Amino acid sequence: MGRLFNVSNRVPLAKTAAPGGLAVGVLAAMRARGGLWFGWNGETTSQEPGEPDITCRDALSYATIPLPQTLYERYYSGFSNGTLWPLFHYFLAGFRYDDQEYAAYEQANALFASRLLPLLAPGDIIWVHDYHLISLGEKLRAQGVSQPIGFFLHIPFPHFEVLRALPTFAQVLRALLAYDLIGFQTETDRESFLGAVRIVLGAQSVGERGIVATGGRTVRTGVYPIGVDVQAVAQSAAKAAGSAPVQRMMQSLVGRRLIVGVDRLDYAKGLLERFQAYRQFLESYPEQIGQVTLLQIAPLGRQKVQAYAQIRDSLEQSSGRTNGRFADADWTPIRYLNRNFPHATLMGFLRAAQVCLVTALRDGMNLVAKEFITAQDPDDPGVLVLSNRAGAACELTEALLINPYDTQGIAGAIQRALTMPLAERRERHATSLATLRANDIHRWHTRFVDDLQAARGRLSSRRGTEPKELTAFRP
Ligand code: GDG
């Protein structure tokens, strides 16, 4: 097999890189297969970037470029996180569109393509990650790249009725159709994409197994639910349980039971709804007052996007209100932390918890849900309370599934989790863990790369990349 190039907006070398699920997944693929990871180095400049810097760290290779400041603002904070992120998570109220930001997005994608191009050799395969780089494949094709190029969307893909709120939705669809393989987290996401393609290109364009025929070529689509490295997470969690930070945290609980949440601070993660539900839980089950602690870890990121500053304020107020109302001289109901922890320490916190709350309003997958199950002691496992709007709910059907808008429903699920008999906890955990083992992170990257590799066979039939039929659609 040729070299594998992973491309994502950020690479974890970046000093400012916020922790996230994408990095966890791509690193696993890199460790297993080698290759090179190309992306932004986390710095902005006043000039056009030159050739990428090549770095080797922990036997992995990275090629990175800085981005011009104005371009970065419009491409990253603007179109990527002010337009695509809310749109793809169905938040039309928090969505905005600006022509200049879209132009910057296209420009940034073209810049990534032009700096990646000189690194490519015949036989390489290119795997592009996530919504920041939807147009990258199209830009690479425009520069004559003929190697297989695949795209994996880590976040949901919206139904056409939501997608069409984007004035440039047809261009976005066209850009996706420049790839050889498009991967989604769930069948629902793939169906939303294929539904949009059917409406725009006509029903005949989508064939068996979700293969799209366009512009004289074919585009494969597939469902590749991202998983976790079960063995590594389990080992790391068991080891971290005895570590100083986890032990200190446990001692500070003085025997109280621990409810945990770990999420990037993001309105899509349903943190406000979670805090409201926890408050409702304390009101509905007063016998639990003083008996439990909610540890919510929420590292900051994307603070330049207004919606993120707003949610941060709201969360501070909400946790403050609950603590003000229920706290005692020796007990704080919510410990709310806006800081990063080493991944191993987080796994230790997850193992120490009796309950994990994942209340995302919409989420592509949610790796924390999977990490929590994996981190548990199988003899005395905790219980996962999981949003039915996270991709992980398709697989983790033995979790206590909740609707994140149902405050009382979540409060009841917390109580049920805390009072669940050991035999039931063990049974649910064993079933969930077996599911995670059967579809772990290695299966995710192996399936995707094998399918992308297989797409190579069809490249000789490529005839132009312009899917002209797109112009036929008139909203
Ligand atoms: C996107 C999609 C999809 C969290 N805090 C810290 C930290 N983390 C780690 C967690 C977990 C990862 O980051 C978060 O992954 P999620 O999947 O929960 O969420 P997103 O960041 O939104 O990821 C998501 C994912 O991509 C993968 O495809 O599942 O739906 O939105 O691994 O443990 N890691 C460290 N310090 C922290 O403070 N080191």
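Which backbone atom lies 2.9 Å from an oxygen atom of the ligand? A backbone N or O atom of Asn366 does, which is a polar contact (a pair of N or O atoms within 3.5 Å). The model is predicted, so local features need pLDDT of at least 70 and side-chain atom pairs count only at pLDDT 80 or more, while totals for chains, interfaces and linings use all residues. Residues are numbered from 1 along each chain as its sequence is written, and side-chain values use heavy atoms, with hydrogens and water left out.

A polar side-chain atom of Asp363 lies 2.5 Å from one oxygen atom of the ligand, and for a polar side-chain atom of His154 the distance to a ligand oxygen is 2.7 Å. On its own the ligand has 740 Å² of accessible area, and the protein covers 93% of this; such areas come from the Shrake-Rupley method with a 1.4 Å probe.

Around the ligand stand 25 residues, among which His154, Phe341, Asp363, Leu367 and Glu371 come nearest; a residue counts as near if one of its heavy atoms lies within 4 Å. By class, this shell has 13 nonpolar, eight polar and four charged residues. Domain 1 (4-227 + 442-458) and domain 2 (230-438) each supply at least three residues to the shell, with domain bounds taken from an automatic or database assignment.

The second largest pocket is a separate topic. Its volume is about 340 Å³, the space filled by probe spheres set on grid points. A pocket is an open set of points on a 1 Å grid where a 1.4 Å probe fits, with protein on both sides within 12 Å along at least five of seven lines; lining residues have an atom within 4 Å of a point. There are 17 lining residues, with Ala93, Gly94, Tyr267, Ala307 and Gln310 nearest the centre. Domain 1 and domain 2 both give residues to this lining, so the pocket lies between them.

Methods:
A polar contact is a pair of N or O atoms within 3.5 Å; within protein, one must be able to donate a hydrogen and the other to accept it, and residues adjacent in sequence count only if both atoms are side-chain atoms. Ala, Val, Leu, Ile, Met, Phe, Trp, Tyr, Cys and Pro count as nonpolar, Asp, Glu, Lys and Arg as charged, and the others, Gly among them, as polar.
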